[in-house]
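Subject: Structure handover

Hello,

Here is the structure I promised to pass on. Please open it beside this email and read along.

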Amino acid sequence: MEVDVNRCLTRIDDDMSVEAIAPFNCIFCKIVSNSAPASIAYEDDFSLAFLDLRQLSPGHTLLIPQKHVADVRDLDEETGRHFMAALSKVTRAVSAAFPSQGISVLHST
Ligand SMILES: [Zn+2]
């Protein structure tokens with residue numbers, strides 16, 4: 001399947017605000033919209049998890065909300081609840097696939 005990572009950039013109008021344009025320049029939004037490739041590990045209506053290309057540790061997985069937010073401070077309560085439930089599911093799955101002494105959960109923007 002050919003992936004056009006610039007597909008969504010064609011929808012930007014000159015009068016769009018910075019906030020409105022952000023999702024079009026966001027690699028995570030491109031992954032959510034299938035405009036960029038990713039190895040999807042988990043997906044529900046609110047969240048998407050995929051393997052990080054760098055694999056800093058075995059099973060290194062990124063969990064992102066389905067809708068664009070600048071960081072965790074922008075999550076609404078409903079999305080936040082579902083996101084934490086997804087985090088729990090993903091961490092258990094990663095631990096089952098890659099047994100370890102512990103797990104690190106980091107937030108990054
Ligand atoms: Zn985004």
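Below is what was found, starting with the model as a whole.

This is a predicted model. The mean pLDDT of the chain is 85. Of its residues, 79% reach 70 or more. One stretch needs care: pLDDT stays under 50 over residues 1-10. For that stretch the model has 13 contacts beyond four places in sequence. Where pLDDT is low, the predicted coordinates should not be read in detail.

Now the layout. The chain holds three helices and three strands. Along the sequence they follow the pattern α-α-β-β-β-α. The chain has 109 residues, and buried ones make up 10% of them. Take the contacts with a separation of 6 or more: residues 24 or more positions apart account for 45% of these.

Next, the sheet. The three strands form an open sheet in the order S1-S2-S3, and the pairing is antiparallel. S1 (40-43) and S3 (61-65) are the edge strands. Each has a single partner strand, so one side of each is left without a neighbour in the sheet. From one strand to the next, the twist averages 15°.

The strand pairs can be followed one by one:

- S1 and S2: three bridges join S1 to S2 (residues 47-51), and the two run antiparallel. A hairpin of three residues links them. Across this pair, Ile40 stands opposite Phe50 in S2, and Glu43 stands opposite Leu48 in S2.
- S2 and S3: five bridges join these strands, again antiparallel. Here Leu48 stands opposite Ile64 in S3.

H3 itself deserves a check on its length. At 1.5 Å a residue, its 21 residues should span 30 Å. The end C-alpha atoms of H3 are 30 Å apart, which agrees.

Which residues of H3 are buried? They are Phe83, Ala86 and Val94. These three cover an arc of only 75° around the axis, which puts them on the same side of H3. An α-helix has 3.6 residues a turn, so residues three or four places apart point the same way. What covers the buried residues of H3 includes S1, S2 and S3. The face of H3 turned away from its buried side carries exposed residues: Glu77, Glu78, Arg81, Ser88, Arg92 and Ala96.

Best wishes

Technical notes
Residues numbered from 1 in each chain as written. Predicted model: local features only at pLDDT ≥ 70, side-chain atom pairs only at ≥ 80, totals over all residues. Pairing = 2+ DSSP bridges. Helix = DSSP H or I, 4+ residues; strand = E, 2+ residues; numbered from the N terminus. Axes fitted to C-alpha atoms, helices over the stretch in contact; angles between N-to-C directions. Buried ≥ 20, exposed ≤ 12 C-beta atoms within 10 Å, placed from the backbone. Contact = placed C-beta atoms within 7 Å. Expected span 1.5 Å × (residues − 1). Arc of directions from axis to C-beta. pLDDT = per-residue confidence, 0-100.
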